Amino acid sequence: HVVLFGAEASGKSTLLRLLTGIIRPTHGSVTINGQPAHQHDKLAVGYVSAEASEPAKDTLHTVLNTFARTHGITDITAKITRIIDALALGNAVHTEARFLSSAQQLKLSIARSALSDTPLILLDDVADQIGPEVTKNLLDQLFTGRTIIISTRFTSTVDSLALPMMLLHRGRLTHYGTIDEIALNTSTPRLVDVWVEGLRYDLLRQLKSAHGIIDAKLVPTTSFSGQKLRLTLHSSRYLPSIYDLLSQAPLIKVEELPPSLNDVISRL
């Protein structure tokens with residue numbers, strides 16, 4: 001599972017549609033399991049977007065049942081029941097598509113992709129619509145064993161999903177990995193909070209002048225009788241040497257504050 005992050009018009013939807021074979025690249029190639037994407041007959045159904053729509057007078061159950069029979073899916077009743085339960089659509093089973101809310105229509109599209117046996121699920125801005133927590137639950141309940149790409153333009157969604165990330169900028173993949181890995185590769189500053197009992201001020205001076213530290217300052221605290229330091233490092237590469245310096249003090253606690261995607265973006 002991976003998150004595809006990029007600003008508006010960075011190429012996210014275009015990339016996802018290339019992966020389904022709906023559109024073909026003018027240069028290069030796209031292969032899924034070694035086969036050109038456009039030769040797969042099951043990939044398009046894995047693309048889920050808020051723009052999708054269903055026949056207005058068909059009920060939710062009719063849409064799923066028709067899809068399952070058309071695609072030769074077995075054990076239809078049990079699979080549809082499990083998917084509807086996971087998506088909390090029980091109250092809308094016999095509702096015509098035209099009367100479904102936008103959230104229910106989106107969940108219907110998700111249900112259809114879950115019912116299929118496509119190996120690739122592409123959720124285009126879906127997590128922004130239904131929320132990261134609901135999305136994470138669906139990954140566990142409906143999409144185990146499949147490759148999932150979740151596109152978003154919101155940094156908060158990326159932070160909440162806590163998945164490896166592909167960072168897309170103007171149609172180019174600029175970085176790939178966890179936020180921690182990308183922060184390390186881009187030398188994104190890191191914050192470290194240190195609780196010390198009986199801090200020596202010569203140690204504070206050493207920290208302020210140490211290579212790799214941007215800033216070291218005392219932070220007021222009412223929950224601890226000692227001193228709390230906040231260190232700002234040029235990047236996490238300097239953590240080992242900082243720990244060596246801190247070993248001279250009677251440490252109570254050290255907390256490395258994880259970088260956010262906004263921290264990484266501000267660096268880029």
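This is a predicted model: local features need pLDDT of at least 70, side-chain atom pairs count only at pLDDT 80 or more; totals for chains, interfaces and linings use all residues.

Student: Which residues line the largest cavity?

Tutor: V192, L239, I242, Y243, L246 and V254 line it. Helix α10 (residues 239-246) gives the largest share, four residues.

Student: Are the residues of that lining nonpolar or charged?

Tutor: The lining of the largest cavity has six nonpolar residues, with no polar and no charged ones.

Student: On to helix packing. At what angle do α3 and α6 cross?

Tutor: Helix α3 (residues 76-86) and helix α6 (residues 132-142) cross at roughly 160 degrees, and their axes come within 10 Å. Angles over 145 degrees count as roughly antiparallel, so α3 is roughly antiparallel to α6.

Student: Is the crossing of α3 and α6 right-handed or left-handed?

Tutor: The crossing of α3 and α6 is right-handed.

Student: Which residues meet there?

Tutor: From α3, R82, I83 and A86 meet L138, Q141 and L142 of α6. The residues of this contact of α3 with α6 comprise four nonpolar, one polar and one charged.

Student: Next, α2 and α4. How do they pack?

Tutor: Helix α2 (residues 60-70) packs against helix α4 (residues 102-115) at an angle of about 25 degrees, and the axes are 10 Å apart. Angles under 35 degrees count as roughly parallel, which means α2 is roughly parallel to α4.

Student: What is the handedness of that crossing?

Tutor: α2 passes α4 in a right-handed crossing.

Student: And which residues of α2 and α4 meet?

Tutor: On the α2 side they are L60, V63, L64, F67 and A68, and on the α4 side L108, A111, R112 and L115. By class, the contact of α2 with α4 has eight nonpolar residues, no polar ones and one charged.

Student: What about α3 against α4: what is the packing angle?

Tutor: α3 and α4 pack at about 140 degrees, with their axes 10 Å apart.

Student: Why are α3 and α4 oblique to each other?

Tutor: Only angles over 145 degrees count as roughly antiparallel, and 65 to 115 degrees as roughly perpendicular. At about 140 degrees, α3 and α4 are therefore oblique to each other. α3 passes α4 in a right-handed crossing.

Student: Which residues make the contact between α3 and α4?

Tutor: K79, I80 and I83 of α3, with A111, A114 and L115 of α4. The residues of the contact of α3 with α4 divide into five nonpolar, no polar and one charged.

Student: Last topic, H40. Where is H40 found?

Tutor: H40 is in the loop between β3 (35-36) and β4.

Student: What is H40 in contact with, leaving aside its neighbours within four places in sequence?

Tutor: With those neighbours left aside, H40 is in contact with I32 and Q35.

Student: And how are H40 and T20 separated?

Tutor: Their C-alpha atoms are separated by 8.1 Å, and H40 and T20 are 20 residues apart along the chain.

Note on methods. Residues are numbered from 1 along each chain as its sequence is written. Side-chain values use heavy atoms; hydrogens and water are left out. On a 1 Å grid over the protein atoms alone, a cavity is a set of points where a 1.4 Å probe fits but cannot get out, and a pocket is an open set with protein on both sides within 12 Å along at least five of seven lines; lining residues have an atom within 4 Å of a point. Helices (H or I, at least four residues) and strands (E, at least two) are DSSP runs, numbered from the N terminus. Ala, Val, Leu, Ile, Met, Phe, Trp, Tyr, Cys and Pro count as nonpolar, Asp, Glu, Lys and Arg as charged, and the others, Gly among them, as polar. Axes are lines fitted to C-alpha atoms, for helices over the stretch in contact, and angles run from 0 to 180 degrees between N-to-C directions. A crossing is left-handed if the near helix is turned anticlockwise from the far one by less than a right angle, and right-handed if clockwise. Contact means heavy atoms within 4.5 Å.
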